[in-house]
Amino acid sequence: MPASPTALDASRPEAPRRTVGRRVFVGGAVATSVWSAPTVAGFGRVAAAASSCSSLENVALGKATTMSSGPWPGLPAEKGVNGNTSGAMSADRNGFHTWQELNAWWEVDLGGIFDIAEVRLWNRGDCCQSRIQNVAIDLDGVSAGVAWGTIGRPTIVPLTTVSRGQVVRLTNGHPASQWFHLAEVEVIGCPA
Ligand SMILES: [Ca+2]
């Protein structure tokens with residue numbers, strides 16, 4: 001089971017105030033380099049989806065995925081939504097992994113419109129965590145937040161100004177050409 005998330009940090013800077021969109025963009029909200037513990041990207045506001053859903057679940061599980069390049073052998077895009085957060089990527093081939101490139105991206109099509117409370121990013125745990133930094137979250141092509149710093153296990157990004165849509169894209173914001181890999185991506189919400 002995933003680790004319990006920590007409380008939201010209301011002191012984080014707010015994300016751009018955009019309110020209309022159909023895609024989720026992961027890229028730049030947590031200002032921490034601690035990757036081994038849960039980290040939270042907050043924007044000082046309560047996600048609208050959290051109050052509109054009678055119950056919350058991972059709505060990305062098993063949904064259609066694609067990514068900008070790759071896969072690295074044994075690490076296709078769909079392993080980012082297979083329900084397994086294990087970070088032992090070299091041993092168990094449990095996540096997605098692109099080629100090395102600037103701003104590599106991965107996305108999931110939820111197959112319908114959902115209210116989304118937060119996105120949880122699970123980095124690998126066996127090496128190379130710092131390759132994944134400042135991940136931008138895009139919801140239907142509109143910026144919904146950025147997970148600043150190195151991504152943890154998990155880094156949790158509450159959606160605030162943009163919280164209803166279908167396609168969630170994550171873009172690696174590392175300043176250099178880099179691989180993009182995560183063990184799992186969880187999109188927490190409910191049908192709209
Ligand atoms: Ca996985």
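These legends walk you through a few close-up views of one protein.

This is a predicted model, in which local features need pLDDT of at least 70, side-chain atom pairs count only at pLDDT 80 or more, and totals for chains, interfaces and linings use all residues. Residues are numbered from 1 along each chain as its sequence is written.

**View 1. The protein has two helices and twelve strands.** Helices (H or I, at least four residues) and strands (E, at least two) are DSSP runs, numbered from the N terminus. Along the sequence they follow the pattern β-β-α-β-β-α-β-β-β-β-β-β-β-β. Of the 192 residues, 54% are buried; a buried residue has 20 or more other C-beta atoms within 10 Å of its own, an exposed one 12 or fewer, a partly exposed one a count in between, with C-beta atoms placed from the backbone.

**View 2. Here is the largest nonpolar core, with 43 residues.** Such a core is a set of buried Ala, Val, Leu, Ile, Met, Phe, Trp, Tyr and Cys residues joined through C-beta atoms within 7 Å. Strand β6 (105-122) is among the elements that give two or more residues to this core, and β6 gives the most, with ten.

**View 3. Val185 is one of the residues with the most contacts inside that core.** Leaving out residues up to four places away in sequence, Val185 touches Ala60, Gly80, Val81, Val108, Val119, Leu121 and Leu170. Contact means C-beta atoms, placed from the backbone, within 7 Å.

**View 4. Gly125 sits in the loop between β6 and β7.** Gly125 is partly exposed because 17 other C-beta atoms lie within 10 Å. Ala88 is 37 residues away from Gly125 in sequence, yet their C-alpha atoms are 5.9 Å apart.

Key. Contact = placed C-beta atoms within 7 Å.
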